[in-house]
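This report is meant for someone meeting the chain for the opening time. Please look over the sequence and the model, and then read on.

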Amino acid sequence: MKPPNWKLYILETEQEEGEEGKLREMKRRREMEKISEISSAIEELSMLVVVKPAENHEAAFIPTKPFLSLCYLVLQVLDKIGPTMAVLRQDIHQNIKRLEVVHESNPSLNSNLVEILKVETSEGNAKKGPSCSKAVVWLTRSLDFTSALLQTVTRDIEKSMEQAVEESYGVTLKPWHGWISSAAFKVALKLVPDTQTLIDLLKSKEENHDTLKEKILMFVSLLVPFLEDIHSILRLYNLDRLKSA
């Protein structure tokens, strides 16, 4: 039997296949060039320069496509952690798709994330329903979590992965999650791998532990100021205090 809305079903299926295709292509390219997710993320961040006029944050420019590419790489890092990240992964996936659809509907107009926030805010839709503004907020918070987790892992490799994930979650996502999301996350913590296993999964065949640590620190040093810029823009549009239902 066909679904009630066959056209919508086809569109959603095509979007999911498109995402999986992008993930496969990114993985294939890394394997050919023998680079890790962290190296790829550094490459993406090098293109994510936020243009901020000194006196006018509303005129800032955050390129949509490189931002989404960075979020795809976060999905792959979360895949390394395993099933415990399934809920967060699904949330990131849905938010990426939402922004991709809007970007692809008019690539020229929607090439700047700030412009998308500005339009939705002016129309009064930024905080209503599944808006693109909400997608930007939650993707940014997911990047906060990733940054905090990688810093914790590299700072103290003796710390258990469960503790590292719990601490990172507590300072980035938990303050904005409802009790259902928090409870689901707490249960899933029991499925995380040990820290050394994660480190081994994040390395390329050509990297050792010290090299990976250097790259993670480089990645974080690029990511933190980028996220600070986004948070300042979210505050400008009164989006920084949004909580999940």
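## Terms and overall make-up

Two residues are said to be in contact, or to touch, when they have heavy atoms within 4.5 Å of each other. The model described here is a predicted one, and the word contact is used in this sense throughout the report.

The chain has ten helices and zero strands, so that, read from the N terminus on, its elements run α-α-α-α-α-α-α-α-α-α under the DSSP assignment of helices. Of the 245 residues in the chain, 45% are buried, and the accessible surface comes to about 13000 Å², with 55% of that surface belonging to carbon and sulfur atoms. Among the contacts between residues at least 6 apart in sequence, 74% join residues at least 24 apart.

## Helix H6

Helix H6 covers residues 132-155 and has 24 residues. From its first C-alpha to its last, H6 reaches 34 Å, which is close to the 34 Å expected at 1.5 Å a residue. How many of the residues of H6 are buried? The count is 21 of the 24, so H6 is largely enclosed by the rest of the structure.

Two packed helices are described by the angle between their axes and the distance between the axes. H6 and helix H10, which covers residues 209-236, pack at an angle of about 150 degrees, with their axes 9 Å apart. Because angles over 145 degrees count as roughly antiparallel, H6 and H10 are roughly antiparallel to each other, and H6 passes H10 in a left-handed crossing. The contact involves residues of H6 including Val136, Thr140, Leu143, Ser147 and Leu150, while the residues of H10 that take part include Ile216, Phe219, Val220, Leu223 and Leu227.

Helix H3, residues 64-81, has an axis that comes within 11 Å of the axis of H6, and the two cross at roughly 50 degrees. That angle makes H3 oblique to H6, and H3 passes H6 in a left-handed crossing. On the H3 side, the residues that meet H6 are Phe67, Leu68, Leu70, Cys71, Val74, Leu78 and Ile81, and on the H6 side they are Leu139, Thr140, Leu143, Phe145, Thr146 and Leu149. Helix H5, residues 113-122, packs with H6 at an angle of about 135 degrees, with their axes 9 Å apart, and this makes H5 oblique to H6. Here Leu113, Ile116, Leu117 and Glu120 of H5 meet Cys132, Ser133 and Val136 of H6.

Leu143 is found in helix H6 and, at 1% relative accessibility, counts as buried. Not counting residues up to four places away in sequence, Leu143 touches Phe67, Leu70, Cys71, Val74, Leu223 and Leu227. Leu143 and Ile92, although 51 residues apart in sequence, are 9.8 Å apart in space, C-alpha to C-alpha.

Thr172 has its place in helix H7, which covers residues 161-172. Is Thr172 buried or exposed? At 8% relative accessibility, Thr172 counts as buried, since the cut-off for buried is under 20% relative accessible area. With residues up to four places away in sequence left out, Thr172 touches Arg141, Asp144, Phe145 and Ala148. The C-alpha atoms of Thr172 and Thr140 are separated by 9.9 Å, and these two residues lie 32 residues apart along the chain.

## Helix H2 and Glu44

Eight of the nine residues of H2 are buried, so H2 is largely enclosed by the rest of the structure. The buried residues are Glu37, Ile38, Ser39, Ser40, Ala41, Ile42, Glu44 and Leu45. Glu44 is found in this helix, which covers residues 37-45, and has a relative accessible area of 14%. Leaving aside neighbours within four places in sequence, Glu44 is in contact with Pro66, Ser69, Leu70 and Leu73.

## Asn238, after H10

Most residues other than glycine have a negative phi. Phi of Asn238, however, is near 55 degrees, a positive value in a residue other than glycine. Asn238 is found in the segment after H10 and is exposed, with a relative accessible area of 53%.

Terms used
Residues are numbered from 1 along each chain as its sequence is written. This is a predicted model: local features need pLDDT of at least 70, side-chain atom pairs count only at pLDDT 80 or more; totals for chains, interfaces and linings use all residues. Side-chain values use heavy atoms; hydrogens and water are left out. Helices (H or I, at least four residues) and strands (E, at least two) are DSSP runs, numbered from the N terminus. The expected span of a helix is 1.5 Å times one less than its number of residues. Buried means under 20% relative accessible area, exposed over 50%, partly exposed in between (1.4 Å probe, protein chains only). Accessible areas come from the Shrake-Rupley method with a 1.4 Å probe; for residues, only the protein chains shown count as cover. Axes are lines fitted to C-alpha atoms, for helices over the stretch in contact, and angles run from 0 to 180 degrees between N-to-C directions. Angles under 35 degrees count as roughly parallel, over 145 as roughly antiparallel, 65 to 115 as roughly perpendicular and the rest as oblique. A crossing is left-handed if the near helix is turned anticlockwise from the far one by less than a right angle, and right-handed if clockwise.
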